[in-house]
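Here are my notes on this one for you. Have the structure open while you go through the points.

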Amino acid sequence: MSDVSPVTPVNLLGLSLPKLEAFFESIGEKKFRAAQVVKWIHQQGVTDIDAMTNLAKPLREKLKAIAEVRPPIITFQGDSEDGTRKWLMQVDGGSSIETVFIPEGDRGTLCVSSQVGCSLDCSFCATGKQGFNKNLTAAEIIGQVFLAAKSFGLPIKESQKRAVTNVVMMGMGEPLLNFEPVLDAMSLMMEDQAYGLSKRRVTLSTSGVVPALDRLGEATDVALAVSLHAPNDALRNELVPINRKYPLAQLLDSIRRYLDRLGERRAVTFEYTMLKGINDSDEQARELSRLAKTVRCKINLIPFNPFPGTQYEVSSRNRIYAFQRILLNDGHVVTVRKTRGDDIDAACGQLAGQVADKTKRSSRYIQLRDVTSPVPH
Ligand code: SAH
Ligand code: SF4
């Protein structure tokens, strides 16, 4: 046996600019190398250290011995008729995650995953029903942006003009339960030397992990979306179980603190998935309206996306518009999300990937489905 153990290479893809600067200093190199390498990777799409030609050859050799640039592996790419593009990507450990690109006018929104599966088990969410497998690394999170941007052509910086203009952390997983990697990845999204997106074009969506939301406010000022789905604690406890730990009053206080740091004109987006007969009555719209008046917000009504085995149905179009009308009449800004990418199963809540469940929730789920779903014919 050799006494030298093999060194795990550092994946430069996931290092924020400050972390890459610290890395170069730690190997006795100048800090400014970091900006050069960040540009090679994130603006030129380069993964081969040898292609980083403004680094002297000895430095490239030194880097190659200890580092790598390794994105996830694309195992599937599908294009919908409406321009929506979906990828399945394999990450370390062998599981798959999903990433979706949704073009709309001048805008191109990339929906990025933060975990493989999710431990929070919201009752209407396909990801949650699969259980939790692992936190993604920063390289695996920013790697989704890297690969999506690259698929639209090189150099990435130029192709950005018609491709990824916005990123939403609304794919698989709860981003606030994978705090530091998510922060590092978002910092690269906003870094001028990398993707250069403005803080208003990077959105973190959370189901309401209050202590982590408070920490987020100290660390960054990205746009915030909160998955509300119910106008009171009794119903929210059922739909979004984390509410039992951090009920609405605490969540709303935390959102207000976050917004206070951002300044006057920023608002939270409340996501509200429309579930037939569950959260879509006129009375619930009025209750939601009262709640929404206590914080600067926009409301986004999301038609529920059914998935095999779910007990829920989507509200009718008329019901959604009636619900919206009540909120509009009360002066709220309310949008209804368009359903996109149906032909490739790219919609929210269908981002299931391939999760090797470590919590064994999916087997419980299958048992439940066997009992409740009609026999197929
Ligand atoms: N964990 C984070 C982000 C990922 S989920 C969160 O919960 O906010 C992104 C959004 O899709 C959330 O608002 C989530 O509630 C919603 N969603 C989940 N399953 C859905 C489904 N089947 N139909 C419609 N929206 C769904
Ligand atoms: Fe997790 Fe978000 Fe799905 Fe809830 S809605 S289970 S927090 S991914």
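1. A crossing is called right-handed if the near helix is turned clockwise from the far one, and left-handed if anticlockwise by less than a right angle. Helices are DSSP runs (H or I, at least four residues), numbered from the N terminus. By that rule, α7 crosses α8 in a right-handed way.

2. A word on the source: this is a predicted model, where local features need pLDDT of at least 70 and side-chain atom pairs count only at pLDDT 80 or more. Residues are numbered from 1 along each chain, and ligands are numbered from 1 in the order in which they are written.

3. Back to that pair: α7 covers residues 179–190 and α8 residues 210–219, with an angle of about 30° and axes 12 Å apart (axes are lines fitted to C-alpha atoms over the stretch in contact, and angles run from 0 to 180 degrees between N-to-C directions). Phe179, Leu183 and Met186 of α7 touch Ala212, Arg215, Leu216 and Ala219 of α8, contact being heavy atoms within 4.5 Å. That makes six nonpolar residues, no polar and one charged.

4. Now look at α11 (residues 282–292) and α12 (residues 317–329), which pack at about 35° with axes 9 Å apart. Their crossing is right-handed. The residues in contact include Leu288 of α11 and Phe323 of α12.

5. What surrounds ligand 2? Its neighbours (a heavy atom within 4 Å) include Cys118, Cys122, Cys125 and Glu174. The shell has four nonpolar, three polar and two charged residues.

Methods. Side-chain values use heavy atoms; hydrogens and water are left out. Ala, Val, Leu, Ile, Met, Phe, Trp, Tyr, Cys and Pro count as nonpolar, Asp, Glu, Lys and Arg as charged, and the others, Gly among them, as polar. Helices (H or I, at least four residues) and strands (E, at least two) are DSSP runs, numbered from the N terminus.
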